[in-house]
Each structure stands twice: as structure tokens, then as C-alpha cells.
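Colleague: I would like to learn how to read strand pairing and helix packing from a model such as this one. Could we go through it feature by feature?

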Amino acid sequence: MARVLNFSIHPKVPVATIYGRLVRVNGLMLEAVGCQLGTGDRCLLSCRDGSEVEAEVVGFEGATLLLMPIHATRGLMPGARVRPLPSAAQIPVGAGLLGRVLDGNGRPIDNQGPLTACHWQAAHLNVPNPLLRKPIDGQLDVGVRALNTLLPIGKGQRLGLFAGSGVGKSVLLGMMTKYTRADVVVVGLIGERGREVREFLDHALGEAGRRRAIVIAAPADTTPLMRLRAARLCHQIATGFRDQGKDVLLLMDSLTRYAQAQREIGLSLGEPPATRGYPPSAFSTLPSLVEMAGNSDHPQGSLSALYTVLAEGDDQQDPIADAARAILDGHIVLSRTLAEQGHFPAIDINASASRVADQLHSQEQLQRAQRVRRLLGRYQEVRELLPLGGYQPGQDAELDMAVRHYPQLSQYLQQDRSQPVDLQQSESQLMALLSEIEHG
């Protein structure tokens, strides 16, 4: 009688792990061989002092894997062991995130202990089916008068905040975070100066705004991959609350730093620089990130997003600014000229646009907004002539009205950072202003 041999593995015997080894370090890129890993998989590299550095597979060349470290590396040696991580990246989800500050991996960095009332789930970036997205049919109150009436933000809209350095974008973001009627606010500080993180928390956000906000910080000194992870984490956490039926406002500062991080990785992989040093991947990753925001098929939840876009040298034709303007649902432009005049928030109404305004406002509201835009535009026609005495009143009644009432228009567009103005107040104040202009 033949004997049947049982080769089943005993449950207590561990399965063998295949390790790779590090063969080259080339700038930001690490090269390893001997591992069976795909793009997006993670691994750990052993350092000289016994610690391990996490890295992610971002490409391959033949049998050689191209890795990008998550954190700064030191102590790596030729032939260092590369250990694959079997589990996929996970993100925290839950009400315990409110009021916390996280890094790009979802770990708290605010010295308030571990996360509570949260659970960890697999990270994913599934874009909703465009035919199943709930339409934008309601306005989000952001507590800023000029935006509520002239540049309405819809629940599920994605806008860009285009600004140079030092014109008040952080102040405006802080006002929107504190005064919005959204249930949850997710703030991503991506690639900015480390000093600005603490200043935004203490001054722009404040204690009241921080209680319902989640801040993800990846300053400029972090690796490019950490900055990309932090940007994706912002969207993953925001979509999690959106799919729970909550109105979510996502503020990401900035989309330009995200593109620059992708540029560093793309150039390290050998991509050719296409436009002003940006490789093609820097432009292709923007829509995939932005499309995560917006509404889904959930009947209640919404996800509105505001991305800051840095206009280098106040150049509105910067390639990233131009690409962002094309894929977003509107843009808010901050003017350095207004900021230098002490006009805050320094929103250039005529250079800004909301592509869903006609879906949110009635015909009367649209006409009032158009009236304000026209008066501001007419004033700009002669603004430079006024100090020189080159403007002669009495030849154009509408132009005379714009010049005479510009101080009232400018006062309406300004707002103290400590004084929120809701939707109803914004509309009533605009109606009173236009009535004064027409009959004054």
C-alpha cells in the first residue's frame, strides 16, 4: 500500500521572507535588487545603527527597483538589507481626529498622545463615478462677505486661491476655517515653512477653529514623497467624513508645493523637463488629486476644496497656476496692489470667478454681483488718472458713479479677521450698499 505524505506547513512555522539589498544611492533615488515589489509597495531599509528607514517603490529599471525614502536618510550602507512590508499603507478615520495635527503618515505630532476614537483602514484614492456625483445645489457659508455674495462657493466646488507671497492668503484661510458652516475642516500644510505651521495653528486658526479642524503638516524640509503622502492623506480623511454624510471643507496650502514635490521625484526618475523645469508627471498628477474632492453619490455629504496656488513673482501665467485654473471650478485672485493699500482680504473681484455662481444664486443676486463688478471695473479704467488730475467728471454718468462710490465699495469688500459675516448679513449689506449708490 502506498503511503501518503503530508507536506502541509505547520501553522507555527513562519513563512520565509525574501530580502533584497541596496546597490546604489543616486541623489534622492535608492536602487535595490532581489525583491519582488510593485510600484506603490513599501519596504524597510536597514541602517548602520540598526534602525530602519521606510521607502516606497516609485519605479523600476530592469530588475532594479527605484525607491524613494519617506524620511531623511543617514547611515545607509552598500548592500543594506531591504525588507518588504506585506501590509498596505493605512490611514486613521474617526471623530478622534478633530483638533489633532498629523504628519503625512497619519501619525500625531501635537504631543497630545495617541489617537483615540479612531480606526485604521487601508488607504485608497477611488475617484467617484462622474455620473453618480451629487450636483452642486447649495452654497457653503464661509463667513467672508466678499465670497458669500460675489464669489459664492458651492457645496462640492473646488476652487483655487491664487496669490503671491505676503498678500494674506494664510489670514483668509484662517477666517474661512473659523467661520465656515461646514461640519469638518481639513487643513493640509504641504511644503510650507515649518514656522508657518505653528503660526497658522495659533494665530490664523485659533482655539475655536482648531476644535473642528484636522491639520496635516508636511513642511518643506520633509522628503518629496512625504509631501505627496500628506496631500493624499488630506483627501482621504476628507472623503471619509464626506461619505459619513458631513459637509467638509478641505483647505490645502499649497497645490504648487505638491507639484514641486512631484517634479523632484519625476526628475530623479529621469523624466525630461517639459515646461519651466516641470516634467509631464507634475501636470498629470494634479487632476488625479483634485478629482478626489467634490461630491460623491452620498445624498447628504459634500466635500468643498480650496487649493492655494503660488504665483511666483505674481505671475498668473505660471505653468502650475495655468494648469490649476483649467481643472478647478473657479479661482480667487489675491492682489498685491490691494494688500499694499491695506485692503484685506485683498481679493481682486474682477480677476476672480466662480463657475457655479449661476447654480447657487438667483437672477437678482447675480445682477447685484454683476453691478458691483462693473462699477469696480469702470473705476479701474481711471484709477491711475485720478492723482494726476486727468479725470474730468461729467462726461460719463456711470463712470462718475463708480469714482464717487468707490470708497463704499472698497469698504464693503474689506473685513476684519475677527468679525464673521454670514450669508444673510452679506446679502442684506450688499443690497443696502447698492441702494445707497443708486439713490445717493
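Modeller: Let us begin with a pair of strands: strand 1 (residues 20–26) and strand 6 (residues 81–84) run antiparallel and are joined by 2 bridges, where pairing requires that DSSP finds at least two bridges between the strands. Strands (E, at least two residues) and helices (H or I, at least four) are DSSP runs numbered from the N terminus. This is a predicted model, in which local features need pLDDT of at least 70 and side-chain atom pairs count only at pLDDT 80 or more, while totals for chains, interfaces and linings use all residues. Residues are numbered from 1 along each chain as its sequence is written, and side-chain values use heavy atoms, with hydrogens and water left out.

Colleague: Which residue in strand 6 does Arg-21 stand opposite?

Modeller: Arg-21 faces Arg-81 there. On strand 1 there is also an antiparallel pairing with strand 2, through 5 bridges, and Asn-26 has Met-29 of strand 2 as its bridge partner. The hairpin of these two strands has 2 residues between them, and Gly-27 takes a positive phi near 65 degrees.

Colleague: How many bridges join strand 2 to strand 5?

Modeller: Strand 2 (residues 29–33) and strand 5 (residues 64–69) are antiparallel and share 3 bridges, with Leu-67 of strand 5 as the bridge partner of Leu-30.

Colleague: In what order do the 6 strands of the closed barrel run?

Modeller: The order is 1-2-5-4-3-6, with antiparallel pairing, and the twist from one strand to the next averages 45 degrees. For such angles, axes are lines fitted to C-alpha atoms, for helices over the stretch in contact, and the angle between N-to-C directions runs from 0 to 180 degrees.

Colleague: How do helix 4 and helix 5 cross?

Modeller: The axes of helix 4 and helix 5 (residues 255–268) come within 9 Å and cross at roughly 140 degrees. Helix 4 is therefore oblique to helix 5, given that angles under 35 degrees count as roughly parallel, over 145 as roughly antiparallel, 65 to 115 as roughly perpendicular and the rest as oblique. Among the residues in contact (heavy atoms within 4.5 Å), Leu-228 and Ala-231 are included on the helix 4 side, and Tyr-258 and Ile-265 on the helix 5 side.

Colleague: And what of helix 2 and helix 3?

Modeller: The axes of helix 2 (residues 169–179) and helix 3 (residues 194–210) come within 9 Å and cross at roughly 10 degrees, so helix 2 is roughly parallel to helix 3. Their contact involves residues including Leu-173 and Met-175 of helix 2, and Phe-200 and Leu-205 of helix 3.
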